[in-house]
Amino acid sequence: MDNEKKRSASFSKGLLQSGELYQYVLETNVYPREPELLKELRDMTATHPRAIMATAPDAGQLIAMLLKLINAKRTIEVGVFTGYSLLLTALTISEDGKIVAIDMNREAYEIGLPVIRKAGVENKIEFIESEALPVLDQLLEDPGNENGFDFAFIDADKINYWKYHERLMKLVKVGGIVVYDNTLWAGSVAMPEECTPEILREGRQRTLEFNKLLAADPRVEISLAPLGDGITICRRMH
């Protein structure tokens, strides 16, 4: 992929006022600190028809910092795609850390699996090919999993975000963090509905509803960071 295509792919995940400004952030702050294996996986994913689904590298950089700040060991990931955020998490958590990674599409996960193996972190990952709600419910059947996770990252079907949230408020411990991706939905949350492209409308409505529910949830502190397509960071308080 040439530089112009890379710039285009990068900007598609950013919400800053210009592609040049987003590229500046990436080139001065993100890419110089990005581990080589993450870069390799990002480049592999850039040629995928649904590359837009990958976690933005600037959002990933903040996620890695959050994982370190809370010394996360047990994490959950709902929505894996080719595994950029999964590899990032596996590289960041402790050697004895574990990730429950859930996705309905193993084929996409296997694109990044050789890089995950090269990094030597596959042993930290339990990949489950499934819809997420049954897996989260199964985790909750074991009392030992309640308040048993430090961190969760959700980048999946927006229609179920609140259902995921309700379960994660039992699985993630007090003081733990849950991060939701795509909470600005390509900036459409600030557009009048009639000005929103048709392809974004359903997701826009789901995102507006979810953001409103989160803002009113007394169980969490929240911060919506305009990185990538918008990520909302929730810290469970009680």
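Biologist: Across which strands does helix 9 lie in this model, and at about what angle does helix 9 run to strand 6?

Modeller: This is a predicted model, and in it helix 9, residues 198-215, lies across strand 5 (172-181), strand 6 and strand 7 (231-236), running at about 140 degrees to strand 6.

Biologist: What makes strand 6 and strand 7 a pair, and how do they run?

Modeller: Pairing requires at least two bridges between two strands, and strand 6 and strand 7 are joined by six bridges, so they count as a pair. The two strands run antiparallel, and Leu-224 has Thr-232 in strand 7 as its bridge partner. Together strand 6 and strand 7 form a hairpin with five residues between them, where Gly-228 in the turn has a positive phi of about 55 degrees.

Biologist: Why are strand 3 and strand 6 said to stand at the edges of the sheet?

Modeller: The open sheet has seven strands in the order 3-2-1-4-5-7-6, with mixed pairing. Strand 3 (125-129) and strand 6 (220-225) each have a single partner strand, so one side of each is left without a neighbour in the sheet. From one strand to the next, the twist averages 15 degrees.

Biologist: How many bridges join strand 1 to strand 4, and which helix lies across both of these strands?

Modeller: Four bridges join strand 1, residues 74-78, to strand 4, residues 149-154, and because at least two are needed, these strands count as paired. They run parallel, with Glu-77 standing opposite Phe-153 in strand 4. Helix 7 (residues 132-141) lies across strand 1, strand 2 (98-103), strand 3 and strand 4, and runs at about 145 degrees to strand 2.

Biologist: Why is helix 4 described as it is in its direction relative to helix 5?

Modeller: The axes of helix 4 (residues 57-69) and helix 5 (residues 84-92) come within 10 Å and cross at roughly 30 degrees. Angles under 35 degrees count as roughly parallel, and therefore helix 4 and helix 5 are roughly parallel to each other. Helix 4 passes helix 5 in a right-handed crossing. Residues of helix 4 including Pro-57, Ile-63 and Leu-67 meet residues of helix 5, among them Tyr-84 and Leu-88. By class, this contact of helix 4 with helix 5 has six nonpolar, four polar and one charged residues.

Biologist: What is the crossing angle of helix 5 and helix 6, and into which classes do the residues of their contact divide?

Modeller: The axes of helix 5 and helix 6 (residues 106-119) come within 10 Å and cross at roughly 20 degrees, and that makes helix 5 roughly parallel to helix 6. This crossing of helix 5 with helix 6 is right-handed. Leu-86, Leu-87 and Leu-91 in helix 5 meet Tyr-109, Val-115, Ile-116 and Ala-119 in helix 6. The residues of this contact divide into seven nonpolar, no polar and no charged.

Biologist: Where does Asn-71 lie, and what is its phi?

Modeller: Asn-71 is in the loop between helix 4 and strand 1, and its phi is near 50 degrees, a positive value in a residue other than glycine. In the loop between strand 1 and helix 5 lies Phe-81, whose phi is near 55 degrees and is likewise a positive value in a residue other than glycine.

Biologist: How do you know which part of the chain calls for caution?

Modeller: The chain averages a pLDDT of 92, and 94% of the residues score at least 70. Over residues 1-11, however, pLDDT stays under 50, and the model has 13 contacts beyond four places in sequence for that stretch. Where pLDDT is low, the predicted coordinates should not be read in detail.

Definitions and conventions:
Residues are numbered from 1 along each chain as its sequence is written. This is a predicted model: local features need pLDDT of at least 70, side-chain atom pairs count only at pLDDT 80 or more; totals for chains, interfaces and linings use all residues. Side-chain values use heavy atoms; hydrogens and water are left out. pLDDT is the predictor's confidence in each residue, from 0 to 100. Contact means heavy atoms within 4.5 Å. Axes are lines fitted to C-alpha atoms, for helices over the stretch in contact, and angles run from 0 to 180 degrees between N-to-C directions. Angles under 35 degrees count as roughly parallel, over 145 as roughly antiparallel, 65 to 115 as roughly perpendicular and the rest as oblique. A crossing is left-handed if the near helix is turned anticlockwise from the far one by less than a right angle, and right-handed if clockwise. Ala, Val, Leu, Ile, Met, Phe, Trp, Tyr, Cys and Pro count as nonpolar, Asp, Glu, Lys and Arg as charged, and the others, Gly among them, as polar.
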